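Have a look at the model first, and then read on.

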Amino acid sequence: MDLEQLRKTAAEVVTREDVKYLVGWKKGSYGYRVAPVFVEDAAGAAELLFSPLCTANLATYLTLVEKKPLPRGQEEDKRKVALFVKGCDSRAVTQLIVEHGIRRDQVVIIGCPCPGVIDTAKLAEKFPETEAPAEVQWDGENFILLNNGEAVKLPREEVIAEKCRFCRYPNPVISDILLGDKVEVREPEEDSGVEEIENKSIEERWDYWENHFSHCVRCYSCRNVCPLCYCQDCILDRLNPTWVNRAVNFSENTAFNLARAFHLAGRCIECGECERVCPANIPLGKLNRKMAREVRDKYGFEPGVDPEAEPFQASFKPDDPDDFIL
Amino acid sequence: MSAMLLNKEKWPDFIGKLTGKKIWAPSGDGEELRFAPVAEGETPQLAFNNTRVPPKNILFPQTETMYRFQLGDLEMEIPQLDKETIILGLRPCDARAISIVEKLFRWDVDDPYYLKRRELVTLVGLACNEPGLNCFCTSVGGGPASTEGLDLLMVDLGDKYLLETITPKGDALVDTVKELLEEADEASQKLKEAAVNEAGEKISRTVDTENVAQGLPELWEDPLWQKVSASCLGCGTCTYLCPTCHCFDIQDETEAFEARRCRMWDSCMFEEYTLHTSGHNPRPTRRERTRNRINHKYSYYVDKFDVIACVGCGRCINLCPVNIDIVEILRQVKEAL
Amino acid sequence: MTANNPYVPYTATVEDTWYETGGDRCIKTFKVVFDDQSVRQSWSHKPGQCAMIGVLGIGESMISISCSPTEGNFLRFSVMKMGKVTQALHQLEAGDKMMVRGPYGNSFPVDEWQGKKILTIGGGVGQAPLRPIIEYVKANREKYAGLTMIYGARTSGDLCFKSEFDEMNKCEDLSCHLTIDIEEEGWDHNVGFVPQMLLDLEPSPENTIVITCGPPIMIRFVLENLKKLGFEDEQIYTTLENRMKCGIGKCGRCNAGGMYVCKDGPVFSYAVLKEIPEAFA
């Protein structure tokens, strides 16, 4: 990945007449952080980067737009939004197009083939974070961490993010511009990381999830970061009627998390953001990947791959073999 | 006010002597620590940086029943709070936060739930020998060994803990374990000072708060608010993990015929926080909400209670999913002023 | 029910209730008395204050107390049907119970205003927070230099407290000017918007206090016109509203800038408000 090329392309795109702004990644404020940034001019594009620390899925900003009432006479700015996507992120964009959450002509997609991102928690265990933002690069089967002027080689296995082990689409499935060479598709680990739980007995599974959901603080980070949770009026927030009480306890937390997983079945594109952002370290990735695997195994369907596909569980034909819609 | 020493070997005995009270201490493994009740016979370990969730949920539970009632009936049953509690191993920043939030819960009208719990709790703090990467307590009136809000301060001196009592409650606690303690000598005091100074010097992040409280209202329409809030997801992580955040919602929740009115944490970053039933929202976008949050902590609270409602614990910086950094925001505020 | 716990409401019985207006967002007035005699005796409130009223199991809403303490040992609330809680309140009939706690907020500085002329400008349901000051002045006529009331709504059906207006015009020092937005058969008072009527009446700013409540757009034009007529910021008062939960300044949400509407308000003078940009959001 040529950084110069990336910045040049971004500058070109953002200065286009029909582009409102561009969402990309830039160096964070400390340690291993990388922050999403909204760029509106060529100067901003000079800060952009793409590295193994770019875990954030920027597709969530496509639907996180808030529409403030405009002053009289001012028209809404309907120009396009440009954004950088990795392989998994691009699936989110495709799924949004399938669901009519966004229109294809509203986005300019800059695709970045991705060899895999780092789990910063695992990295921080080996090399504690420092105040100065760090730099990490890809290097074949390894990562290179530039630490205090030294280049430290990190074997992929030791620090790769969990979700990348199961990645089937490292190359963006949709893009207007593709930056860099395509990445070789690895054989994903088959079990989606859920076999460990599937092998537990029902009681063990209950205990496992009870332990985790009891610690959920209902911050809604998982829902807000998810590119596919974009209902303006989330059913899990509603008070009239109240589907899930506002009270935070094991029962309500379980209802919240499971309902969200069900609403994502056949839609979750396994970007792993929910798991990354959870302050209580709840293994939400396992939950959502399990649902995704069920859909894959039983229906042969994968969301976010084909922009012409029909939404899973949301399409019906009169000649459906089942005589009942549900 | 006294200073005593406890040999670390005697730590399990120390815990054993604190019977009859509910003890909360940090527990868990890896990064995700939280305050949890110490079980009978268990000995909490105090080697950690700071918990994810601050101990505010012991005094201000995330969900608290204010009163119960039966549907169709008007008898309200208020839960009784009477369990004496000790919070062990909280950091000085979290203790300071408790005394900061207490001002609001005492403002004009007493909040009976919070203040009753506050009365029943003894706060045993642990001074910081190693500050976290994103700690900035010294910039907002705190420090690695600040005693504000604490009843007893413990300082780790290697093989011993130095115990400094600050309030009569601290004295009372030390009294129950005095057989295990020795008088603190000057050498230990010097060790403490050295450790505290070293910790203070290791704090690398700083925030310049001079004139910020007065100046913030002038920046009401400044473009910086749009910039810093652009990537905000509107989740509640920063507010829920903040030791000084205290906003709550009140909801009536029913289960069959039993019902209760309870209060639960709420976040000013949620869209519907100030949403009126009419549909009007005075803070419609994350820009307004971020601006309100920073103003509340660094300006409004200062106007009302003379103290910044931020203790520099760094949790919001560590856990914001999109790296919105309050130190960075304040730097931009200072620059704009 | 302990007096020490500010979150615990008192039980009150609805003595009487009637509709002021019709339609989807109808306004219903409730006259309530506390069940507990000692509460009834010890309760005191000032014009401008609010109370949290609600139904156990549904929730509470902060509603302005729309009666003056001079009227008697009861409380009046005029509630517009908008959401979950107000819908539940609207289902209450005479004899039903309502939970009430309060009084909350600051009040109109009635003592400071003695000797002055009072001008109230209301629109729609905004008349509800103005009613207590009107009744207070009526009951304390000798202390004030007169009362003028301007009140308008979209249609005559949207006017509240209709039965109380005729009496006002019979007195020398009290006058009542009603207006509706559009011509209506049988309506023989003014037709036009409230801000325009204000300009037409040309009240003198001398020794006068103005209180205005109503929809934001009306307030905006009323303020403009008041400035045109020469009123100073310190003479103009209004009430703010915001989403409220605790009513006692703890839950943190009702603030407009550094002011909590439940404690530092809801009554604010324009001199204070113009320093708070969030107040006009």
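Predicted model: local features only at pLDDT ≥ 70, side-chain atom pairs only at ≥ 80, totals over all residues.

Residues are numbered from 1 along each chain as its sequence is written, while chains are lettered from A and ligands numbered from 1 in the order in which they are written.

**Where chain B meets chain C**

- On chain B, 35 residues are in contact with 30 residues of chain C (contact: C-beta atoms, placed from the backbone, within 7 Å).
- β4 (63-70), α3 (92-105), β10 (248-255) and α10 (286-305) of chain B each supply at least two residues of the side that touches chain C (helices are DSSP runs of H or I with at least four residues, strands runs of E with at least two, numbered from the N terminus).
- The largest share of that side, 5 residues, comes from β10(B).

**A sheet in chain B**

- An open sheet of 8 strands runs in the order β3-β2-β5-β6-β7-β8-β1-β9 (chain B), with mixed pairing (strands pair if DSSP finds at least two bridges between them).
- β3 (34-37) and β9 (181-183) of chain B are at the edges with a single partner strand each, so one side of each is left without a neighbour in the sheet.
- β1 (residues 3-7) of chain B pairs with β9(B) in the antiparallel sense over 3 bridges.
- Leu6(B) stands opposite Leu181(B) in β9(B).

Methods:
Contact = placed C-beta atoms within 7 Å.
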